[in-house]
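Take a look at the model below. Keep the sequence at hand while you read.

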Amino acid sequence: MSQRVERRGIHVDQSELLCKKGCGYYGNAAWQGLCSKCWREEYQRARQKQIQEDWALAEKLQREEEEAAYASNQGSQSHPAPPTQAPPTLGPFSKFEEKKSNEKTRKVTTVKKFFSPSSRTAPKKETHEGKAPSPSISRQSSIETDRVSRDFVDFLKNLQKPGREIHKQSRAFIEGMANKKDLSADELSECVQDFYQNMSDRLMTHFKGSSERVECVMDQVEKYIMTRLYKNVFCPETTDDEKKDLATQNRIRALHWVTIQMLCVPLDEEIPEVSDSVVKAITDVIEMDSRRVPRDKLACITSCSKHIFNAIRVTRNEPASADDFLPTLIYIVLKANPPRLQSNIQYITRFCNPSRLMTGEDGYYFTNLCCAVAFIEKLDAQSLNLSSEDFERYMSGQASPCGPEAGRGWAGSGPAGASPGVVQAQRQIETLSGLSQRQEQVLEGVRELQAELVQWEASVARQVQGIQERYPLELRPLPPAPAIDSDNTDDDRLPPPLTPQVFAG
């Protein structure tokens, strides 16, 4: 996709985000500007053409080998070798059977040469023992897989008989994919997309055209199968995704000096709400790598984009435009430097439900992210309104935009053209100074309160002592308790004691 850079900022027409074939869906840089539907059609046509060419070449080579073998056989018959002891034969047709067997072996070997997995896929990357996942990560992955499987079964219970069929087909597909480790990334993507399409067609027939119910079920199907297949299809060994990740990370690190003014980003990070939205946007785009389902990765991109739109709206007190969004997204990506960015983009492109990438806000934001990454890869002096000399010095580390020689090709920020980083550092120093003064005031108040407590305790003690001296406490002895055998006038009222009586036996 082309970028048209203006003085006011980076501008990309909305038409440039759409499919090059004019179907109205969003295109993708990984698909050469085509949407998912058009790319699959082109891929299938190219694949069929390649298969036909391979068959034709295999047949041609087979004929050449047969002709060469025939010529070699004729030459050996015209110049017979010295007689040797012949091995025992099995019958009159042994030579014919041997020749037929040799021709069949050559034919099979020639055909396998072109259609074996090794001829269709790129050479695998060298594996290292250090890349093996740690036991804790494996346990966490297993726990998440079990949880997703339980949720998928619980969801399908509501569908009754169709749910059992969906679960059966999904499990069969996962088991089949486990035996296709030698396929290329494009072929793995083709298998998953074919499964999505077939499942969607069946659900559309079952639900009688209810696209909302079909989309709900397909979301659960995608979550289930991609969680189970994630470790096998994310950044597969047959691709150079890891190499691209390192190249992109190094490129972003080399562009650490790019300022918000160079990109003409309409943000004022001095506003607390704007600064908070920027932090949340950076967190979302970094968190994308921790998700396993393509839909969840897209949700992180969408959440990041919404925080960007909110930051622009708060800064300008008006709704953000597309011309403001793309430069800000580039700025966020440069500040975040997301891990495995290329691998995540390729993973979403290959294995996400295509309907999400072709339409809707998810597709729009994802297409803009692809544009932002492409812009970063091709970023030059003209894109930042810099001279070529300044750009090369900044890239090589010989100078910095906040240095004394900076500022000829870009609008400086703050006093004397100081960079935003210096301005922010000064602001933080002032804030820390203010906090230090407030801390001293608090400590002084604590000391005064302690002195007041001591004085209050002494005053209370003096008052208590004065009251005790003024009103001394007199302790009077209690009267003695009467003895048990003492005279008691109330005893006259008691009945006489019982007199024992003797009865004659």
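What follows is a walk through the core, the salt bridges, the surface patches and some backbone angles. The model is predicted.

Start inside. The largest nonpolar core has 54 residues. Trp257, Leu263, Leu267, Ile332 and Leu384 have the most contacts inside this core. Helix H14 gives the most, with 10 residues. In general, nonpolar side chains tend to be buried together in soluble globular proteins.

Now look at Met262. Met262 sits in the loop between helix H8 (241-254) and H9. Is Met262 buried or exposed? Met262 counts as buried because its relative accessibility is 2%, and the cut-off for buried is under 20%. Leu386 is 124 residues away along the chain, yet the two C-alpha atoms are 8.4 Å apart in space.

Turn to charge pairs. Side chains of opposite charge can pair when their charged atoms come close. How many salt bridges does a search of the whole structure find? The search finds 15.

Asp151 and Arg147 meet in a salt bridge, at 3.6 Å from N to O. Both residues belong to helix H4 (135-157) and are four residues apart, about one turn of the helix. Asp151 is partly exposed, at 32% relative accessibility. Arg147 is partly exposed too, with 37%.

The side chains of Glu269 and Lys335 meet at 3.7 Å, N to O. Glu269 is in the loop between H8 and H9, while Lys335 is in helix H11, so this pair ties together parts that are 66 residues apart in sequence. Glu269 counts as partly exposed at 27%. Lys335 is also partly exposed, at 42%.

A further bridge joins Arg393 to Asp390, with the closest N and O atoms 2.3 Å apart. These two are separated by about one helical turn, because they are three residues apart in helix H15. Asp390 is buried, with a relative accessible area of 0%. Elsewhere, salt bridges that share partners join Asp219, Arg356 and Asp362 into one network.

Glu67 lies in helix H1 (36-78). Glu67 counts as exposed because its relative accessibility is 55%, and exposed means over 50%.

There is a nonpolar patch as well. Trp456, Val460 and Val464 form it, with about 290 Å² of accessible area together. Val464 lies in helix H16 (420-470). Its relative accessible area is 42%, so Val464 is partly exposed.

Finish with the backbone. Most residues other than glycine have a negative phi. Asn317 is not a glycine, yet its phi is positive, about 55°. Asn317 lies in the loop between helix H10 (294-316) and helix H11 (322-336). Asn317 is exposed, with a relative accessible area of 70%. Arg340 likewise has a positive phi, near 50°. Arg340 is placed in the loop between H11 and helix H12 (341-351). Arg340 is partly exposed, at 36%.

Notes: Residues numbered from 1 in each chain as written. Predicted model: local features only at pLDDT ≥ 70, side-chain atom pairs only at ≥ 80, totals over all residues. Heavy atoms only, no water. Buried < 20%, exposed > 50% of the residue type's maximum accessible area, 1.4 Å probe, protein only. Core = buried A, V, L, I, M, F, W, Y, C linked by side-chain atoms within 4.5 Å. Patch = residues over 30% accessible without salt bridge, like charges linked within 9 Å, V, L, I, M, F, W, Y side chains within 5 Å. Areas by Shrake-Rupley, 256 points an atom, 1.4 Å probe, with all protein chains shown as cover. Salt bridge = Lys/Arg side-chain N within 4 Å of Asp/Glu carboxyl O.
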